[in-house]
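Colleague: Please take me through the model shown below, with the criteria behind each value.

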Amino acid sequence: MLRLHSWRKISHFLHYQIKNNAKLYEAAKCIQKTYRKFRNKQQMTQQQKEMEAAVLIQKYYRRYKQYAYYKKMTQAAVLIQSQFRSYYAQKRFKKSRDAAVVIQNQYRTYKEHERLKKGGNKSVIIQQRYRSHYQRIPKHVGRNSDGQIVQIVPEGPDSTQADQSNSPDNILQLTDDSITAPSSEEKSRESSNH
């Protein structure tokens, strides 16, 4: 009997243990389920925070890029405007300077004309007569030291020398040796003769 009694005790104890274990198992399942829910909620919250942070970073980065692009475009526009204003101002200044030069030239011409009208006509007449006289003198004609008009004749019977005598080098040589330019007195004498 003793054995039976101990068997009952053991079986009762085992039954109690199994019942108790089932409760513990259910309690463990409930704890695990609650923990998993808590952990999932924390993970979701963490993911939500990370996503919000990523969205915020992207938002600020896009804003920065837009601002940088706007600033670059503004600087380019300012540069273009300043270059155009500089070009336009230079063009306007050049135009006004050219106009001033034209006005000054016209005014100087007018003043010179007025000055010549009042008494400078004699010198103009002398200059015109001198120029017209020397345009009529052929190139192979010059003046000697006495002021007389002479014809330059090449030296020697060689025809090649005659051709060379008309060259500027020989004329200069003849001019340097025997022919001189007319003096101012001779010029005035000739102008009075004409």
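This is a predicted model: local features need pLDDT of at least 70, side-chain atom pairs count only at pLDDT 80 or more; totals for chains, interfaces and linings use all residues.

Modeller: Residues are numbered from 1 along each chain as its sequence is written, and side-chain values use heavy atoms, with hydrogens and water left out.

Colleague: Which element has the lowest mean pLDDT?

Modeller: pLDDT is the predictor's confidence in each residue, from 0 to 100. The protein averages 76, and 62% of the residues score at least 70. Over residues 159-181 the pLDDT stays under 50. Among the elements, α1 has the highest mean, 86, and the lowest, 41, belongs to helix α3 (residues 168-177).

Colleague: In what order do the elements run from the N terminus?

Modeller: Helices (H or I, at least four residues) and strands (E, at least two) are DSSP runs, numbered from the N terminus. The protein has four helices and two strands. Their order is α-β-β-α-α-α.

Colleague: What percentage of the residues count as buried?

Modeller: Buried means under 20% relative accessible area, exposed over 50%, and partly exposed in between (1.4 Å probe, protein chains only). The protein exposes about 18,000 Å², of which carbon and sulfur atoms supply 58%; such areas come from the Shrake-Rupley method with a 1.4 Å probe, and for residues only the protein chains shown count as cover. Of the 194 residues, the buried share is 8%.

Colleague: Which side chains meet in a salt bridge?

Modeller: Side chains of opposite charge can pair when their charged atoms come close. The criterion is a side-chain nitrogen of Lys or Arg within 4 Å of a carboxyl oxygen of Asp or Glu, and the structure holds one such bridge. With an N to O distance of 3.3 Å, they are K94 and D98.

Colleague: Why is the pair of F84 and Y88 rings classed as it is?

Modeller: Rings of Phe, Tyr and Trp (its six-membered ring) pair if their centres lie within 6.5 Å; planes under 30 degrees apart count as stacked, over 60 as edge-to-face and the rest as tilted. A search of the whole structure finds one aromatic pair. The centres of F84 and Y88 are 6.2 Å apart and their planes at 15 degrees, so the pair is stacked.

Colleague: What accessible area do F84, Y87 and Y88 have together?

Modeller: Patch members have over 30% relative accessible area and no salt bridge, with like charges joined within 9 Å and nonpolar side chains (Val, Leu, Ile, Met, Phe, Trp, Tyr) within 5 Å. F84 is exposed at 51%, whereas Y87 is partly exposed at 47% and Y88 partly exposed at 45%. The three form a nonpolar surface patch of about 360 Å².

Technical notes: Contact means heavy atoms within 4.5 Å.
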